[in-house]
Each structure stands twice: as structure tokens, then as C-alpha cells.
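Reader: I would like to learn how to read side-chain features in a model. Please take me through them one by one.

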Amino acid sequence: MTSTPEFTLVIACYNEERLLRDSVARIAAVLDSMRAGYEIVFVDDSSRDSTVSIIRDILERHPAWTLIAHPKNQGRGSAVADGIRAARAPIVGYIDIDLSTSPWYLPRLIAEVRDGADIATAMRVYKLRPRTLFRWVLSKGYRFIMRLALGCDLQDTETGCKVFNRERVLPVLDRIREMHWFWDTEIMARSYVAGYRIAEIPTIFIREGSFTTVHVVRDTLDYLGNLVKFRAELRAMRRR
């Protein structure tokens, strides 16, 4: 329990009682198969359901894992960032708890960082179905606008599965301003401009069911507003 793990996985939670137990079991099965020390840091962003109770029950069986509980909702980016800062391992990552990106990709991403990448991401390749077509179109639109506006040659900044060299990413975290959905774009764009080595690994993305915490119209408008503001800052960074 006191030894330093090789890998820390951050799981950001907000009203996840429906998915939590099964998803954590699937994640643990993958990480156990690696035969390397790991820990899980749960960050609950002020859930209103039984998420925290479920996490505490899980922690009774895994006392080396930890919980950070936000007293009020701060946003997904803030939850992930707090987990990264609390991590004890030199390699840290996070994965969306719905597991639309399979946890079986985590060992590959960890290996990329172990071999020298600063960041390894699960670049989403959509298995097109009628219920995923809109999500695919939306994702393609985000990617096109991001690359056009920010000039970052990245395929998928928004993926919900990323692994970092913790020491390298901490200075980037301190400069991030947006703590909600735009957090993913900002951390990737700042890392790209800083010259970080980024490995984007193609992964099959399959959303089971229709549940999502994304509000399409509101979050799209918010994303575009943040993109415009961040574009000016990124240009200034490049000039410096």
C-alpha cells in the first residue's frame, strides 16, 4: 500500500451510479493483467445520486485507492486535473467511465508514455451505426474547426481516454483556464504548442445506449466561445 505505483488512473464521476461498479470491475481486470503496480483515484464532482456511496464501498476492498469529493460541481476538467495532481505514479491517465473507449487500450497508451511519449491518447475511430452517426458528424466537425482555428495537427483532442507523463503535464495543468468540456482541447493544444511528443493511437469507439452528460446545443456553443478566446491566447504563445 505504501509503495509507489507505476500508473495512476483517474476516474472522474458525476452521477455515475448506473455504470460505476461494472465499469470499475472491467478496468481493474485490465490493469491487473498488466502485472504492474497501479492505483485508482476517484474524483466525484458533487454527484446527487449514490455515486459516492458506491465509491466508498469499492474503497473498502481496495484501501490503496482514493477518493476526492468536490463539495460543489466544478466541471469535468477540474475533476480530472485534481486527480492528476493527487496521483502518486509517474504515469497518469483517465478514462470516461462509460467505457466507450475500451480499457483494453490502456496498456498500449501506458507503453507509449513509458517509451518516451509525453502524452498518448485513444484517437476515436467510430463504428458507424444509426445511433452513433450524429456523434460521428459532431466529432468530425469539432476536429475540423479545432484544427482550422488553432493550427494544431492533432486528430482527436476530445477523446475521453488519455495517458500522460505526470511530471511533464503538471506545468500545463497550471496554465489551463477552462475547467469544463473545453479542458480537453486546451490541454492538448497547449501541449502541442509546447512541443510535447504526442502519440495518437487509433481505437474503436462504441457508445452503448444513448445516455450522455453532454448537452449538444449548449455545450457546442460553449465550445465555440472558448475556442475563439483561446485562439488569441495560443497565437500569443506562438509569438513568444
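**Rings, charges, cysteines and a patch**

Author: We start with aromatic pairs. Searching the whole structure, which is a predicted model, turns up five aromatic pairs.

Reader: How are the planes of Tyr-94 and Trp-183 set, and how far apart are the ring centres?

Author: Look at the angle between the planes: over 60 degrees counts as edge-to-face. For Tyr-94 and Trp-183 the planes stand at 70° and the centres are 5.9 Å apart, so this pair is edge-to-face.

Reader: Where in the chain do the two partners lie?

Author: Tyr-94 is in strand β4 (residues 91-95), and Trp-183 is in helix α7 (residues 183-193). Tyr-94 and Trp-183 are both buried.

Reader: What is the geometry of Phe-182 and Phe-230?

Author: Their ring centres are 5.9 Å apart and their planes are at 80°, so Phe-182 and Phe-230 are edge-to-face. Phe-182 and Phe-230 are buried.

Reader: Which residues form an aromatic cluster?

Author: Tyr-38, Phe-42 and Trp-65 form one.

Reader: Next, charges over rings. Which ring face does Arg-124 lie over?

Author: The reading takes distance and direction together: CZ of Arg must be within 6 Å of the ring centre and within 35 degrees of the ring normal. Arg-124 lies over the face of Phe-205, 5.6 Å from the ring centre. Arg-168 lies over the face of Tyr-196, at 4.1 Å from the ring centre.

Reader: How many disulfides are there?

Author: The test is a pair of cysteine sulfur atoms within 2.5 Å. By this rule, the count is zero.

Reader: Are Cys-152 and Cys-161 buried or exposed?

Author: Buried means under 20% relative accessible area. Cys-152 has 1%, so it is buried. Cys-161 has 0%, so Cys-161 is buried as well.

Reader: Now the surface. Which residues form a nonpolar patch?

Author: Phe-144, Ile-145, Leu-148 and Leu-224 form it, and together they have about 390 Å² of accessible area. Helix α5 (residues 133-150) gives the most, with three residues.

Reader: Where does Ile-145 lie, and what does its accessibility make it?

Author: Ile-145 lies in helix α5. Its relative accessibility is 32%, so Ile-145 counts as partly exposed.

How values were computed: Residues numbered from 1 in each chain as written. Heavy atoms only, no water. Phe/Tyr/Trp six-rings, centres within 6.5 Å; stacked < 30°, edge-to-face > 60°. Helix = DSSP H or I, 4+ residues; strand = E, 2+ residues; numbered from the N terminus. Buried < 20%, exposed > 50% of the residue type's maximum accessible area, 1.4 Å probe, protein only. Patch = residues over 30% accessible without salt bridge, like charges linked within 9 Å, V, L, I, M, F, W, Y side chains within 5 Å. Areas by Shrake-Rupley, 256 points an atom, 1.4 Å probe, with all protein chains shown as cover. Salt bridge = Lys/Arg side-chain N within 4 Å of Asp/Glu carboxyl O.
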